Protein chains: 2
Amino acid sequence: MGTRQGRPVGRPRGFDVDDALERAMLVFWEHGYEGASLVNLTEAMGISTTSMYATFGNKEELFRKALERYSEGPGAYVTRALDEPTALGVATAILAGTVRTTTRAARPHGCLGVQGALATGDTARGARDRLAAWRNDVYSRVRERFQRAVDDGDLPADTDPAFLARYVTTVSAGIAVQAASGVGSDELQEIADVALRHWPIH
Amino acid sequence: MGTRQGRPVGRPRGFDVDDALERAMLVFWEHGYEGASLVNLTEAMGISTTSMYATFGNKEELFRKALERYSEGPGAYVTRALDEPTALGVATAILAGTVRTTTRAARPHGCLGVQGALATGDTARGARDRLAAWRNDVYSRVRERFQRAVDDGDLPADTDPAFLARYVTTVSAGIAVQAASGVGSDELQEIADVALRHWPIH
DNA sequence: CTTATTTTGCATCGATCGATGCAGAAACGA
DNA sequence: TCGTTTCTGCATCGATCGATGCAAAATAAG
């Protein structure tokens, strides 16, 4: 092979792509897709619009990549939660993760997957649909995990995994809205606790 | 007194203010504050921008009045629910009202109070803060109603009315998000049912 | 009929929106 | 050094944003 790996041809980038994407994610998280202007984004990213378009494509693509980064960063608690040994552990971890992630002092309050683009104009339809699909993906993964718990006998045989997953994601979304409104983590963790007190819900 | 009541001086309006406000409310409900442009709004209202500004002030004032109308129309279930004789009746009516209002086929899905302006840019900060205050007002009224239930012996003396109100409004907000994502009323009503199955929550 | 008052239609404002064209700068291999 | 490739800085694009100025139109009062 030979000259694989190593600096690519051409002028090297003057900024770190991951850093810039992280900052863009924070802007989308705080202001939503429509509320985040290119000026907001590029100033936070520390780059020009030219560099942004050359690197990320356009605003919607930037949002898509920022959402990916959110899933792998602040939203990674979802995937980790699915590895909990019991269905109750999964539900508990998801709600605790939601509370923690939506109320961190140093981060925007709320959940990017909820407040990023809930109701939008026509130009933001792509971002809105993408976010709805993102939420549905979380729901589906939780549902499949609960189905496995039923199959394994961890949950009673008459449990409806879809309903249980809808319940958990609904409480999670509610917590995210409350966090966006400024409600604190202690109060929201109590909500999470009581929502699972009579688990398995049926 | 004499000539009170009767047509006001000047050229009469060529449109019905209530009709126009209703239509504006529907546009804000569907697209959110930022996603609803003046063109969207005035076309739906059937009037010119000149008439809109002369009658309602500006976009933010129009939103304020549309939110008022929402409270007295689709959102009136909250006030009605507070008149239920028991705390459980109040909670049940609020969640059932949320499900019904956020999933009507002929109306935008979701809740204007949630998706109208959850995360916004700087120019929509007024609308966002107003909506947060609106949600907080609902919470406060439910909390006061539950406090009364404690005082009356309808709820156990050791019940925390604030916590109970936060629980109900959190589930309500979660339902609103799910409805905005397209989840149907039957499934959401089941969520509402199970959320209150072990009432009073503690 | 005249005057006062209010609304409407039309044109348009400056600002901001997302997005590009282009030339120069900075790296590469030959 | 040269040619190639890629990225950056600057200027700017057309479209849309929310918002107004102004004169004609439509009513009531005198």
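A word on the basis. This is a predicted model, where local features need pLDDT of at least 70, side-chain atom pairs count only at pLDDT 80 or more, and totals for chains, interfaces and linings use all residues. Residues are numbered from 1 along each chain as its sequence is written, chains are lettered from A and ligands numbered from 1 in the order in which they are written, and side-chain values use heavy atoms, with hydrogens and water left out.

Salt bridges, then. The term means a side-chain nitrogen of Lys or Arg within 4 Å of a carboxyl oxygen of Asp or Glu. Over all chains, the search finds 18 of them.

Take A:E22 and A:R69. Their closest N and O atoms are 2.6 Å apart. A:E22 sits in helix α1 (residues 17–35) of chain A and A:R69 in helix α4 (residues 59–72) of chain A, so this pair ties together parts 47 residues apart in sequence. Helices here are DSSP runs of H or I, at least four residues, numbered from the N terminus. For accessibility, buried is under 20% relative accessible area, exposed is over 50%, and partly exposed is in between, with a 1.4 Å probe and protein chains only. A:E22 counts as buried, at 19%. A:R69 counts as partly exposed, at 24%.

Now chain B. B:E61 pairs with B:R64, closest N and O atoms 2.8 Å apart. Both lie in helix α4 (residues 59–72) of chain B, 3 residues apart, about one turn of the helix. B:E61 is partly exposed at 27%, and B:R64 is partly exposed at 22%. Back in chain A, shared partners join A:D18, A:E22, A:R69 and A:R107 into one salt-bridge network.

The side chain of A:Y53 has an N or O atom 2.6 Å from a phosphate oxygen of DNA strand C. A polar side-chain atom of A:R11 is 3.2 Å from a base nitrogen of DNA strand C. B:R11 uses a backbone N or O atom, 3.2 Å from a base oxygen of DNA strand C.

Last, the helices. α3(A) gives the largest share of the surface near DNA strand C, 3 residues.

Definitions and conventions: Helices (H or I, at least four residues) and strands (E, at least two) are DSSP runs, numbered from the N terminus. A polar contact is a pair of N or O atoms within 3.5 Å; within protein, one must be able to donate a hydrogen and the other to accept it, and residues adjacent in sequence count only if both atoms are side-chain atoms.
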